[in-house]
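Please open the structure in your viewer and keep the selection panel at hand. The stops below are to be taken in order.

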Amino acid sequence: MRDRSLSRRQFLKGTGALIVSFSFSRPASKALAQSKTPFGIEPDPKSLNSWLAIARDGSVTVFTSKVELGTGIETALAQIVAEELDVPFKRIKMDLGDTAKTVDQSSTTGSRTVESAGPQLRQAAAAARQALMNLASKPLGAPVERLTVEDGVVSVIGNPSKSISYAKLIGGKRFNVAISASGSGRQMKLAPEVRAKDPKQYKIVGASMPRMDLPPKVMGRFSYTQDVKVPGMLHGRVVRPPVVTSKPLSVDEDSVKQIPGIVKVVQEGSLVGVVAKTEWAAIQAAKALKVTWSEPATKLPANPDELYALLKNTKSLRDQVIAEKGNPAAALSQAGKTFEAIYHWPFQLHGMIGPSCAVADVRKDRVTIWTGTQGPFRTRKAIAELLGFPEENIRVIYAEGSGCYGRLSPDDVPEDAVVLSRAVGRPVRVQWMREDEHGWEPKGPAQLMLARAGVDAQGKVVAWDFTDRSFVRTAAEGIPLLASRQVGLKPKREGTANGTQGGGEVYAFENQKVGNALIPWMHPDETPLRTCNLRAPGQPARSFASESFMDEIASELKVDPVQFRLRYLTNKRATETLLAAAKKAQWQERPSPAPASSGSTAKGRGIALTHRTGTFVAIVAEVEVDKLSGNVRVNRITVAHDCGLIVNPNGVQAQIEGNAIQGVSRVLMEEVQFDSSGMKNVDWKSYPILTFPDVPDIEIVLLNRPEMRAQGAGEASLGPVPGAVANAIFDATGVRLREAPFTPSRVLAALKAVPA
Amino acid sequence: MARISLNVNGKTRVVNTDPGSMLLYVLRDDLGLKGAKFGCGLAQCGACTVIMDGKTIRSCSTPVSVAQNRNIITLEGIGSVARPHPLQKAFIEEQAGQCGYCLNGMIMAAKVLLDKTPNPTETEIKKALVANLCRCGSHPRIVRAVKRAATMKA
Ligand code: FES
Ligand code: FES
């Protein structure tokens with residue numbers, strides 16, 4: 001930690017919390033030496049160097065293990081640092097997700113990045129600003145209290161001619177500043193003693209700064225994972241079984257011998273792959289390779305009825321209580337009127353537009369990987385286990401892929417690349433084909449929700465009992481991924497919960513229970529159909545059920561859906577969000593359904609409200625139902641959104657638009673279909689998503705709360721979409737849909753089931 | 001393997017390749033052009049779109065031999081950082097894109113639309129882009145960007 005050649009100064013008088021020393025004669029990393037790896041020194045969270053560097057030209061590089069997945073966090077984090085450091089936003093450069101250069105701040109998941117990594121980087125920047133002020137004090141001949149900073153230039157208050165830039169002070173040299181750090185990952189507290197700016201002074205945070213990554217992206221100059229090329233690189237493809245849970249019995253290498261450029265057919269355990277000199281040859285070889293596969297070990301539920309029966313009747317691994325108050329069972333038995341409903345939600349895809357891709361270079365003593373993972377350190381750990389290598393000898397370098405919505409939390413493809421690279425002793429790039437991605441991405445799990453409620457004689461809900469029975473996530477942390485399993489690693493856990501929120505806990509009922517049942521899902525096989533977190537995990541389904549159920553009760557009691565919800569809201573932010581959405585959508589107060597319409601189309605509106613980790617969202621959907629075809633068109637989505645302090649309004653809006661569109665797509669169209677041996681929809685034709693003509697108009701009200709800390713905005717607004725759409729369809733037609741997606745055939749069947 | 005001569009972004013490029021290889025892999029791997037993307041390889045998503053003789057094609061499903069001696073334009077060929085195409089400028093101004101993986105196809109399809117229909121209606125824009133998939137939900141901004149580009153001069 002110490003370099004004796006340095007003169008040490010203690011900058012934080014009194015507290016002693018910030019010990020700052022500068023060495024310009026030698027790299028600071030030597031002064032703060034940590035464990036050595038083949039890739040240099042492991043960054044230490046207690047060294048400011050691990051977080052920030054200022055170059056000779058005054059540009060500031062921020063090192064973070066958080067990664068840009070398309071949601072704009074790179075820009076938001078850059079804003080936070082620019083603000084705190086008082087440098088122009090344009091001078092910030094982000095170095096993302098390189099395990100050799102960054103401290104593990106945990107994966108980029110759950111829309112928690114701005115909320116957790118934001119304050120960490122803000123404190124690092126505040127510490128750096130303080131250190132720079134201290135450094136400037138001597139040359140400017142004024143105490144720190146008399147100094148101010150603007151655009152990276154420190155000057156004496158009242159005497160702007162006396163100034164010195166950050167670049168002059170430290171440019172090109174590293175900070176040699178120790179800061180305090182405690183805890184790890186998301187919970188890591190960085191330099192809490194350093195006082196950050198008062199949010200009232202914010203100029204860059206809160207402004208719609210343009211995304212840093214967009215110009216190169218629209219010019220075709222951006223390097224995605226898919227664009228990574230390293231010297232000597234070969235191309236690989238994996239050949240996965242045509243159906244889940246089957247194994248290769250024999251592989252006929254001769255079947256690809258004639259393909260020009262073929263290098264090797266690889267088989268390790270039940271993992272089969274090919275390596276070739278060109279990508280085209282690898283694709284051809286993977287297609288041509290003759291493999292005889294075993295009969296699948298496990299059968300899948302052959303149709304939705306079997307699937308939901310499985311969800312309903314399988315004993316849970318474990319039950320979780322999300323909210324519990326009073327005695328719902330007793331209240332239900334005494335209630336004058338009771339309600340009960342079951343809702344179904346299918347398996348769905350993340351559906352990355354660009355499939356998984358990675359490059360791996362496996363050497364004797366080290367491994368380098370380029371990949372689009374959401375968790376570079378998680379990937380590093382998984383690869384270490386797969387290869388039996390120490391983690392320090394593995395470097396994972398993040399390169400952005402296409403938007404992944406949770407899919408690259410379990411990042412499969414680098415493992416394929418590692419196995420193939422080890423087999424040929426060269427760097428290998430593996431890109432999954434479309435059928436690999438559709439077929440083998442871990443899916444968003446199917447869910448079955450049971451809701452019961454009791455209402456007293458005054459029409460008050462006195463009991464609420466909600467259970468989500470969801471398959472667990474089997475591609476969860478600590479469970480080996482596809483290639484690892486195929487080469488013989490065994491899962492040690494059963495899986496984790498598919499999220500918890502959205503079961504009506506946002507409302508205050510006298511007697512209330514919201515719970516989850518974790519249902520096991522085909523786990524022990526080597527190549528199962530896996531599950532993982534899909535944007536706002538489990539919440540679109542739970543919220544679809546709970547918000548539909550709220551409307552079912554309101555409709556029976558003939559109460560307007562907004563008024564009905566207000567009765568049970570105690571949180572001011574929830575109330576304001578709900579009212580803001582209703583106002584923006586010009587909500588007409590009346591019970592649902594709307595008076596019956598005569599023509600062939602019926603129009604309706606529906607509302608839904610959810611809460612997700614500190615963010616409140618209310619959505620009004622306006623739909624048009626074609627009674628002859630069963631086709632539903634969502635014409636408009638109005639969103640009111642409160643995520644605390646807004647760092648970048650335009651960025652938040654983009655996330656909301658994305659969630660609205662993805663939500664409409666998922667609730668109207670998307671369903672993974674099986675027969676007993678495999679998945680049927682492995683391309684975009686058989687798994688269609690929403691396209692331009694069907695995209696709704698989107699209206700957004702942002703409720704900014706500068707006095708609060710920033711909360712997640714990446715996925716909260718997905719939650720209420722399905723419920724709002726379901727309620728709008730009911731409003732239009734008087735028909736209640738309890739199984740998603742609302743495809744024309746399903747809607748038509750429901751319309752026909754009701755006597756006109 | 002065969003020597004194939006291509007005209008890409010106004011320059012003649014000769015590659016030694018399997019004539020059955022799809023154009024996309026030649027552009028990306030042999031010519032180092034990364035604008036066109038692999039999305040599906042099935043002509044279903046539009047990520048790989050390039051312009052051939054004034055029309056959009058799916059380079060993932062067009063054999064390189066077919067592209068011989070035709071005029072190919074890729075995203076890199078329509079503008080540069082110093083001289084961006086109006087569509088590129090408009091996409092930045094509208095902040096139209098999240099992950100951006102679909103943007104190559106969106107911009108190339110919009111270019112062909114604007115070349116033929118300089119002042120398209122919103123419906124025409126949506127129709128021109130209907131076969132291009134975006135999973136991030138950047139659609140409203142993309143439509144706005146194309147409209148904005150239509151009002152800009154090259
Ligand atoms: S990659 Fe060519 S259309 Fe999808
Ligand atoms: S911006 Fe990500 S797919 Fe369109």
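**First stop: a pair of charged residues**

Select Asp227(A) and Arg28(B): the two form a salt bridge, and their closest N and O atoms are 2.7 Å apart. A salt bridge here is a side-chain nitrogen of Lys or Arg within 4 Å of a carboxyl oxygen of Asp or Glu. Between chain A and chain B the count is 3 salt bridges.

The model is predicted, so local features need pLDDT of at least 70 and side-chain atom pairs count only at pLDDT 80 or more, whereas totals for chains, interfaces and linings use all residues. Residues are numbered from 1 along each chain as its sequence is written, chains are lettered from A and ligands numbered from 1 in the order in which they are written, and side-chain values use heavy atoms, with hydrogens and water left out.

**Second stop: the interface of chain A and chain B**

Now select both sides of the interface. Contact (heavy atoms within 4.5 Å) takes in 60 residues from chain A and 51 residues from chain B. How much area do chain A and chain B bury between them? The value is about 4,700 Å², with 60% of it on carbon and sulfur atoms; buried area is the accessible area (1.4 Å probe) that two parts lose on being put together, summed over both.

Next, colour helix H16 (649-668) of chain A, one of the elements that supply at least two residues of the side touching chain B. H16(A) gives the most to that side, with 10 residues. Helices (H or I, at least four residues) are DSSP runs, numbered from the N terminus.

Move to helix H6 (residues 122-128) of chain B, where Lys126(B) lies. Is Lys126(B) buried or exposed? Lys126(B) is buried, with a relative accessible area of 16%; buried means under 20%, exposed over 50% and partly exposed in between (1.4 Å probe, protein chains only). Leaving aside neighbours within four places in sequence, Lys126(B) is in contact with Phe692(A), Pro693(A) and Val143(B).

**Last stop: two domains of chain A**

Finally, select domain 1 (8-219) and domain 3 (550-753) of chain A, two of the domains in its assignment; such bounds come from an automatic or database domain assignment. The C-alpha centres of domain 1 and domain 3 of chain A lie 41 Å apart. In chain A, 21 residues of domain 1 are in contact with 16 residues of domain 3. Domain 1 and domain 3 of chain A bury about 1,200 Å² between them, and the count between them is 0 salt bridges.
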